[in-house]
Amino acid sequence: MAIFHLDFKIVKRSEGRSSVAKAAYHARCRITDERTGDTYDYSHRNDLYGHFILAPVNAPQYIVKDSTALWNEVERVERQSNGQTSRYFDVAIPAALNNDDKKKLVLEYCQKNFVDKGMIADIAFHDLDSDNPHAHVMLTLKTIGPEGFGKKERSWNDRKMSIYWRESWASMANSYLAAAGSSERIDHRSLQAQHDEALEKAAVALDNEEKALWLAKAAETNRPAMKRIHSAKWRSKAAQEQRAAEQAVRDAAKQEAVEVYKTFSELDLEIVVDVRSFTVAVLAEPEQIVLPKTRSGSSASEPQRPVLVAPAPHTRMRGVKSYRDKSKVSKVVAGKKPSVSISDSGTNTILKTSPSQNQNRASRSAPERVKRKQAIPRKDNIFKRFTALLVDFIRGKFLWAKTGKTKVDIISKEHDKRIAENYAFDEVLGHPVPRAEYEKRSKFNQDDYKPTPDEINRFPSRPKNGLPERDHGMDLTQPMPFHSIADKSPHPKFTPKNTKR
């Protein structure tokens, strides 16, 4: 049995996990984590069937010599306490392949999808001789070079990459199964997606063989998916019973698919099929139409023309719903199929109807067209003059007039001309300014500009605020000295005791 299982996960320190512990479990060996000092020993397990490390050509040899050196270096270069250290996945290998092909398939898949992109892949094979052969693969998250690990490659975390990797595994595994002569195939999509696609393909199939194949595929995928069983519970009685029940359902679906293929491949093309319920409406035997030998009023030498006679109304049965859309009725009627048999006269059969019949048929199908009368406007009244004035007004005002000619607005034209003469657009200010001011600024900004005397004096210096002149003619009294004023002060004077005066 070939099943598809491929699930990608990340080793995160925030969850208390270590890449060293994961590598020790996969390789079934004893490794000590140099960062934490913990030792992980799984050497007592005996289900290891091979261990390989694939690395790019520019990876240093001291890093990829074994799992101990590789994942201790990965843990050392990761500085964040809650960082991500590696990506890992376990993949189910088809049991129909031999052990050499199983290893070759996984190694080729890892080399093509991961190592060629710059990752280091640590691969361990388990239980190749059992009914659950699988491989564990660990991948680095950082780029590798001759100097060691670099920065993390964020593009590898894209969800589209995981979808591409799953599809690539299904394609490569199917090619190996075909080379081994096995009819088993795997698909990376869900059973529901495969079932819907098979129904759509069967609806548009062109022949019985293709339709039967797609209907068989739809019958095979119309079942629940198998549940994953953990490796620790794989040998338990409950797990074995669960897997046996799931396998019985799968075998029954496959047997139903075989029966559906045999049934639909032998049916006639002219059938109506409902692929949702797999019901078939078989057409009845064709009805032969007898053609008259001679027509009344025609000579014997004139070649015979067949006349198509429709079956009686009571022979037609109700239409069967189409498998494309349940709300629509198929064009193929589940009644009797008429056929025309013509004697071997050596001439081609031409079915024609008389022109009168065609004319009568067209007259019955199409409604009669009533010729509308054209309204003739009145000419000799005031309405005519008002209409003419209104038309002239519309032609002169609007651009979509019938004549296509626009009337020039003289006032607007003169206004635009005056604006163009008196204003200029200043690129620095971003708006139009008077032309005189614009020319004055342009002249001032030239390199050879020399100011005129009038422009030099346009900024007068600040006037000096001097003391106002005193009018000596009004006050002829001489000012008194300061010391005499101090002596006549009415305030008492305070002199220190020891001061001599």
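Ile 382 counts as exposed because its relative accessibility is 62% (exposed means over 50% relative accessible area, buried under 20%, and partly exposed in between, with a 1.4 Å probe and protein chains only). The model is a predicted one, in which local features need pLDDT of at least 70 and side-chain atom pairs count only at pLDDT 80 or more, while totals for chains, interfaces and linings use all residues. Residues are numbered from 1 along each chain as its sequence is written, and side-chain values use heavy atoms, with hydrogens and water left out.

Ile 382 belongs to helix α9, residues 382–397 (a DSSP run of H or I, at least four residues; strands are runs of E, at least two, and both are numbered from the N terminus). In the protein as a whole there are 13 helices and 15 strands, and buried residues account for 29% of its 501 residues.

What about the interior? The largest nonpolar core holds 32 residues, and Phe 89, Tyr 109, Cys 110, Phe 114 and Trp 169 have the most contacts inside it (such a core is a set of buried Ala, Val, Leu, Ile, Met, Phe, Trp, Tyr and Cys residues joined through side-chain atoms within 4.5 Å). At least two residues of this core come from each of β1 (6–12), β5 (84–92), α3 (99–113), β6 (121–126), β7 (134–140) and α4 (159–179). Helix α4 gives the largest share, eight residues. Another core, of 19 residues, lies apart from it and includes Val 20, Ile 31, Tyr 40 and Leu 70.
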